[in-house]
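Biologist: I would like to go through some labels on this protein. Please set each one against its cut-off.

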Amino acid sequence: MPFDLQSLIRPNIRNLEPYRCARDDFKEGILLDANENTHGPALSTISSWESALELNRYPDPHQVELKEQLANFRNSTPNQLIKSSTPKLQSENMCLGVGSDESIDLLMRCVCTPGKDKLLVCPPTYGMYSICATVNDLEMVSVPLTTPDFQIDVDAILKKVSEDPTIKLIYVTSPGNPTAKLIDPKLVVELLEKALDSWNGLVVVDEAYIDFVDPVAPNSSQSVSTLVNQFPNLVVLQTLSKSFGLAGVRLGITYASSGLSRYLNAMKYPYNISSLTSAVAVRSTQAEDGLKVMQNYVNEIKRDRAHLLEALQKIPGVGKNIGGLDANFLLLQFLDLSGQPSNEVALELYNQLAVENGVVVRFRGKELNCKGALRLSIGTEEENKILIEKIGKILPSVRK
C-alpha cells in the first residue's frame, strides 16, 4: 500500500495527548506551579553562568531557539536534489533527543507494534539498531550493503518490504558506521520515490558523520535532512556528538515532516533536554561562534585523516582502506603473511595496542564484509603519530 502516515502510526500514539508541563503556559513571574526548589541549586558556590541557567527550574520543553538555529544551518547548504518548491526546514520539523539513540528507539515505539512488526537494516551497520529492536520486541531483517562499494541495494530493499508489510522502518547509516562511506544521496532519493507509492513505512537516514563529507559542489551539502518536507516517508537523524565535539552533552536531532514530528514530540519526555545541554548546544550552533569552530575542526580532521592513511599504508601488513573517506575514522584491513585479511592479526594488534600500549581502537572484523578490519578514529596530530609508531612496531610481530 502507498505511504499513509495516519495508518502507519500506532493507534495508541495517534491518540496520545502530549503531557502539559509547567513551562508550557508561563515562564516568568513568581513560579509556584512546578514544585521546584525556589532556593536554588544545592551548590556551595555558583558561577554567574550557572546562576543564569536557573538550574533549580525545569528546562524549556520545546527548545525553539536551538531548533531554529539548526534549521538555519542546514537550510544554508541544501542538497542539490531538493526541488525549488520544497519548503525549508522549520523548528516544526524537529524533535530533540538524548543523543541519536533516543531517536532510534522513539521511532520504533511510534510505528512498530511489539511482537508483530519488523525493521530492516543494511549491514555492516550501527549496532544500536539491533539493541533497540530487541528491547522493543521487534524482529530485524537485513539487506546487506553492496560490495565493495558499501551502497544500499535499492531493488533488494524494495523487494523485501513488498514481500513483508510488517516491515515498518528501514535504517540507513550514511555515512556508514563502520564503513565511513556516504550512501549516494541519489540512491536514497530513488528508494524514497519508489517506496512512497508501494510501501507504508519510513526510511530513516542516520547522518551522525555527515559534516565530514566533502560537498559535491560549492555551497552544497550531501545531507538529505532538507528533503524531509519533500518526502513524507523520510526521517533523518543527526547528532552534536561528532563534528561538534559534544558527545558529553548527549543531544540528537530528528528531522521529519511536521506531521510525524508532532507525534514524536508528543511521545518524548517533556524535559528530556537539560538546561546545561541546551545552553551549550545553542552556543555551538551560532554562526559566529560554534559553527565556525566546528568547521575548522572538521577541516583539520580531514587533513589528518589523509595524512594518517598515507602513513599507515606504508607499513607492511596494512591493507586497504575498505571503507570511505566520509567520516572521522578509517576502516583498515590488516593482512597475514600471505597478504590476506586476517581477523587473527587484527585482533592481536587491537589487543596489544590497548593492553600494552594504551592506544585503543575498535576491532570490526566480525562485521559483514569487514574481515581483518580495525576502525581507527582520527586523533590529534600527536595521537596519530603515536598510533602510526605503535602499529609499525607491533604489526610485524603479530602477522602469521
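Modeller: Arg 109 forms a salt bridge with Asp 105.

Biologist: What makes Arg 109 and Asp 105 a salt bridge?

Modeller: A salt bridge is a side-chain nitrogen of Lys or Arg within 4 Å of a carboxyl oxygen of Asp or Glu. The closest N and O atoms of Arg 109 and Asp 105 are 2.8 Å apart, so the pair qualifies. This is a predicted model: local features need pLDDT of at least 70, side-chain atom pairs count only at pLDDT 80 or more, and totals for chains, interfaces and linings use all residues. Residues are numbered from 1 along each chain as its sequence is written, and side-chain values use heavy atoms, leaving out hydrogens and water.

Biologist: Why is Asp 105 called buried?

Modeller: Buried means under 20% relative accessible area, exposed over 50%, partly exposed in between (1.4 Å probe, protein chains only). Asp 105 has 17%, so it counts as buried. Arg 109 has 27%, so it is partly exposed.

Biologist: What about Glu 163: buried or exposed?

Modeller: Glu 163 is exposed, because its relative accessible area is 52%.

Biologist: How do you know that Lys 159 and Glu 163 form a salt bridge?

Modeller: Their N to O distance is 2.5 Å, so they meet the cut-off.

Biologist: Why is Glu 190 called partly exposed?

Modeller: Glu 190 has 26% relative accessibility, so it falls in the partly exposed range. Lys 194, at 38%, also counts as partly exposed. Glu 190 and Lys 194 form a salt bridge, with closest N and O atoms 2.8 Å apart.

Biologist: How many salt bridges does the structure hold?

Modeller: The structure holds 12.
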